[in-house]
Amino acid sequence: MSDRLDDLERRIDELRAGVRKAMRVKDGAGARVLRAELRTAERAWDALVSGEQPQAAPEPPRLVTVREQVHQGLRLLGAAAQPRLIVAVSDAFFGGTIRSGQLTSLRRDEERSFRSSPAGRPFYLCAALTDRLSPARGLLTLSTWPLERRVVGPLSPRVDFLTCAVAVASHDGDDERTSRLLARMARNIPGATDAEIGPPDRGRVIEAARAELRVHAGRDTRDRAELARRATAQLGDVARLFGAATLSTIKKERAK
């Protein structure tokens with residue numbers, strides 16, 4: 001026991017000195033790590049002196065960031081979506097805490113991050129691209145999706161909405177929030193619901209959405225393929241994710 005106490009006391013002294021040094025050089029992150037180790041060592045010392053078994057500190061709950069919650073929502077939806085739909089999906093299926101206003105500057109932050117460290121993150125939240133290869137206002141996508149899913153032609157907003165409706169109806173979730181979300185979406189799909197009061201039938205929503213998708217899918221797929229070819233030929237890495245601000249941007253990209 002004596003040797004163990006001596007070792008702990010030496011370690012505590014080293015950690016205290018390390019904390020002081022980190023604070024002097026204004027290394028806040030390093031100081032926090034050292035303080036956490038110091039508290040663990042001090043608890044072990046107290047337990048050894050009192051004869052108690054040291055208890056492991058409980059793991060703090062992991063904070064899910066705004067961008068991670070948006071990523072969850074977009075992965076479930078599987079198509080470009082507006083912030084209010086992403087927020088609703090995050091709330092209904094993941095107990096999310098985000099608000100639409102928090103997504104306003106998110107794409108710009110993601111672009112700055114990509115420019116400073118390309119491919120430094122496993123994914124980026126980026127803009128859908130219009131037929132002018134500019135960022136579509138209020139439509140978010142994931143960088144991990146192929147270009148054909150990140151560009152939007154004339155029919156794409158409707159196709160993406162129907163795709164999202166199928167995803168929401170197909171995903172497990174039977175509480176009031178998921179039912180309200182599905183009901184709102186079903187009201188905009190012919191044949192997905194009727195005048196009866198109550199939650200919509202999931203199978204009926206999926207069937208109605210897929211029926212309309214069959215009408216639009218062929219034309220939309222061709223339009224997106226053409227836009228993806230143009231984007232690949234005319235845009236650089238940054239613009240392919242976040243859009244070309246102007247036609248001059250495209251000319252500069254092509255000149256590289």
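**Figure 1. Leu 139 is a buried residue of strand E2.** Leu 139 has a relative accessible area of 18% and is therefore buried, where buried means under 20% relative accessible area, exposed means over 50% and partly exposed lies in between (1.4 Å probe, protein chains only). The residue belongs to strand E2; helices (H or I, at least four residues) and strands (E, at least two) are DSSP runs, numbered from the N terminus. The model shown is predicted: local features need pLDDT of at least 70, side-chain atom pairs count only at pLDDT 80 or more, and totals for chains, interfaces and linings use all residues. Residues are numbered from 1 along each chain as its sequence is written, and side-chain values use heavy atoms, with hydrogens and water left out. Leaving aside neighbours within four places in sequence, Leu 139 is in contact with Ala 80, Ala 81, Gln 82, Cys 126, Ala 127, Ala 128 and Val 152, contact meaning heavy atoms within 4.5 Å. A separation of 7.3 Å lies between the C-alpha atoms of Leu 139 and Pro 83, which are 56 residues apart along the chain.

**Figure 2. The protein contains eleven helices and two strands.** Along the sequence, the elements follow the pattern α-α-α-α-α-β-β-α-α-α-α-α-α. Of the 256 residues of the protein, 41% count as buried. Among contacts between residues at least 6 apart in sequence, 59% join residues at least 24 apart.

**Figure 3. Strands E1 and E2 form a hairpin.** Strand E1 (residues 125-129) and strand E2 (residues 135-142) run antiparallel and are joined by four bridges; two strands pair if DSSP finds at least two bridges between them. Leu 129 has Pro 135 of E2 as its bridge partner. E1 is mostly covered, since five of its five residues are buried. Five residues lie between the two strands.

**Figure 4. Leu 133 occupies the loop between E1 and E2.** What is the phi of Leu 133? The angle is positive, at about 65°, although Leu 133 is not a glycine. Most residues other than glycine have a negative phi, and most peptide bonds are trans. Leu 133 counts as buried because its relative accessibility is 0%.

**Figure 5. Helices H3 and H4 cross at roughly 90°.** Two packed helices are described by the angle between their axes and the distance between the axes. The axes of H3 (residues 66-77) and H4 (residues 83-94) come within 9 Å. Axes are lines fitted to C-alpha atoms, for helices over the stretch in contact, and angles run from 0 to 180 degrees between N-to-C directions. H3 is therefore roughly perpendicular to H4; angles under 35 degrees count as roughly parallel, over 145 as roughly antiparallel, 65 to 115 as roughly perpendicular and the rest as oblique. On the H3 side, the contact is made by Gln 69, Val 70, Gln 72, Gly 73, Leu 74, Leu 76 and Leu 77. H4 contributes Leu 85, Ile 86, Val 89, Ser 90, Phe 93 and Phe 94. The residues of this contact comprise nine nonpolar, four polar and no charged, with Ala, Val, Leu, Ile, Met, Phe, Trp, Tyr, Cys and Pro counted as nonpolar, Asp, Glu, Lys and Arg as charged, and the others, Gly among them, as polar.

**Figure 6. The side chains of Ser 113 and Arg 121 are joined by a polar contact of 3.4 Å.** A polar contact is a pair of N or O atoms within 3.5 Å; within protein, one must be able to donate a hydrogen and the other to accept it, and residues adjacent in sequence count only if both atoms are side-chain atoms. Ser 113 is located in helix H5 (residues 106-116) and is buried at 16% relative accessibility. Beyond its neighbours within four places in sequence, Ser 113 is in contact with Arg 121 and Tyr 124.

Figure 7. Asp 160 is located in helix H7 (residues 156-170). At 7% relative accessibility, this residue counts as buried. Leaving aside neighbours within four places in sequence, Asp 160 is in contact with Ala 79, Ala 80, Val 152 and Arg 224.

**Figure 8. Leu 227 is a buried residue of helix H9 (residues 202-234).** Its relative accessibility is 6%. Not counting residues up to four places away in sequence, Leu 227 touches Thr 130, Asp 131, Leu 133, Val 151, Val 152 and Gly 153.
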